[in-house]
Amino acid sequence: MLAGGSSASQISLAVFLLTGNGDMTFNTPVPLIADEAPNGVILADVNGDGRMDIAAANLLGDSVTVLVNQGHGSFAPELLYGAGGGRWWCAAAT
């Protein structure tokens, strides 16, 4: 998983599915959309379905993006939550 930096970007969060092809190569990365300048990225089961979802604190977007894991390497469209100014990180608790 790779998060963007401190500037606006249309595709600013990417998940790299490291599934192998059996010949020492990997499949193409899957880009996922977040808000502007995601920094603090975590994996957590935010909806209790047993799958790891992605959450990212968006520094320039003043928001948190949640990407719900649908299984088999796919994620639902992003859910965006307002979080106030300058979010650098996020955390999850059970």
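# Strand S6 and the sheet around it

Q: What is the bridge partner of Ala 55 in S6?
A: Val 66 is the bridge partner of Ala 55. Strands here are DSSP runs of E with at least two residues, and helices are runs of H or I with at least four, numbered from the N terminus.

Q: Which kind of model is this?
A: A predicted model: local features need pLDDT of at least 70 and side-chain atom pairs count only at pLDDT 80 or more, while totals for chains, interfaces and linings use all residues. Residues are numbered from 1 along each chain as its sequence is written, and side-chain values use heavy atoms, with hydrogens and water left out.

Q: In which sense do S5 and S6 pair, and over how many bridges?
A: Strand S5 (residues 53-58) and strand S6 (residues 63-67) are antiparallel, with five bridges. Two strands count as a pair if DSSP finds at least two bridges between them. Elsewhere along these strands, Leu 67 in S6 stands opposite Ile 54.

Q: And the hairpin, which residue takes a positive phi?
A: Asp 62, with phi near 50°; the hairpin of S5 and S6 has four residues between the strands.

Q: What is opposite Val 66 in S9?
A: Leu 79. S6 and S9 run antiparallel and are joined by four bridges.

Q: What order do the strands of the open sheet take?
A: The order is S4-S5-S6-S9, four strands with antiparallel pairing. Strand S4 (38-44) and strand S9 (79-82) are the edge strands, each pairing on one side only. From one strand to the next the twist averages 20°, taken between lines fitted to C-alpha atoms, with angles from 0 to 180 degrees between N-to-C directions.

Q: How many of the residues of S6 are buried?
A: Five of its five. Buried means under 20% relative accessible area, exposed over 50%, and partly exposed in between, with a 1.4 Å probe and protein chains only.

Q: Which residues cover which face of S6?
A: Ser 63, Thr 65 and Leu 67 lie on one side, Val 64 and Val 66 on the other. In a regular strand the side chains alternate between the two faces of the sheet.

Q: Which residues make up the largest nonpolar core?
A: Eight residues: Ile 42, Ala 44, Ala 55, Ala 57, Val 64, Val 66, Val 68 and Cys 90. S4, S5 and S6 are the elements that give two or more residues to this core. A nonpolar core is a set of buried Ala, Val, Leu, Ile, Met, Phe, Trp, Tyr and Cys residues joined through side-chain atoms within 4.5 Å.

Q: What is Cys 90 in contact with?
A: Gly 40, Ile 42, Ala 55, Ala 56 and Ala 57, leaving aside its neighbours within four places in sequence. Contact means heavy atoms within 4.5 Å.

Q: Changing topic, how many salt bridges does the structure hold?
A: One. Asp 49 forms a salt bridge with Arg 51, and the closest N and O atoms are 3.7 Å apart. The criterion is a side-chain nitrogen of Lys or Arg within 4 Å of a carboxyl oxygen of Asp or Glu.

Q: Why does Asp 49 count as partly exposed?
A: Because its relative accessibility is 33%. Arg 51 is partly exposed too, at 32%.

Q: How many helices and strands in the protein?
A: Zero helices and nine strands. Of its 94 residues, 31% count as buried.
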